Amino acid sequence: MELEERSVEQLPDRCENCGTELTAEEKATALEEGVSVVLCTTCDAEASRNYKVFRIDHPEVKDLIGLAPKEKYFSLDQIIADESVRRVYLGERFSL
Ligand SMILES: [Zn+2]
């Protein structure tokens, strides 16, 4: 495991997921956050869709959108995996 802090020069020039050239701002953010994988803003946002930040307690709501009844926290991707949620509540806000 690498524990040394990286400098801007040591960062990759391109997003490690999609290969897009990174901006100075994206590199600065990567340094600030000390991430191990450097991503462009777009890929970083896509990754965040897998973070389980939504808490849903009501069993009928979980049942309605097909979520595991015993889990409490869900990611955006899990919630919008349900077609009726995408169609009714999200419309075209997210390009799916
Ligand atoms: Zn990318």
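The model is predicted: local features need pLDDT of at least 70, side-chain atom pairs count only at pLDDT 80 or more, and totals for chains, interfaces and linings use all residues. Residues are numbered from 1 along each chain as its sequence is written.

**Secondary structure**
- The chain has five helices and two strands, where helices (H or I, at least four residues) and strands (E, at least two) are DSSP runs numbered from the N terminus.
- Their order along the sequence is α-α-β-α-β-α-α.

**Burial and core**
- The chain has 96 residues, of which 6% count as buried (20 or more other C-beta atoms within 10 Å of the residue's own, with C-beta atoms placed from the backbone).
- The largest nonpolar core consists of five residues: Leu22, Ala30, Val38, Leu39 and Cys40.
- A nonpolar core is a set of buried Ala, Val, Leu, Ile, Met, Phe, Trp, Tyr and Cys residues joined through C-beta atoms within 7 Å.

**Contacts**
- Among contacts in the chain with a separation of 6 or more, 23% are between residues 24 or more positions apart (a contact means C-beta atoms, placed from the backbone, within 7 Å).
- Leaving out residues up to four places away in sequence, Leu39 touches Cys15, Glu16, Asn17, Asp44 and Ala47.

**Leu22**
- Leu22 lies in the segment before helix H1 (24-33).
- Leu22 counts as buried because 20 other C-beta atoms lie within 10 Å.
- With residues up to four places away in sequence not counted, Leu22 touches Asp13, Arg14, Cys15, Lys27, Val38 and Cys40.
- Pro12 is ten residues from Leu22 in sequence, with a C-alpha to C-alpha distance of 8.2 Å.

How values were computed. Buried ≥ 20, exposed ≤ 12 C-beta atoms within 10 Å, placed from the backbone. Contact = placed C-beta atoms within 7 Å.
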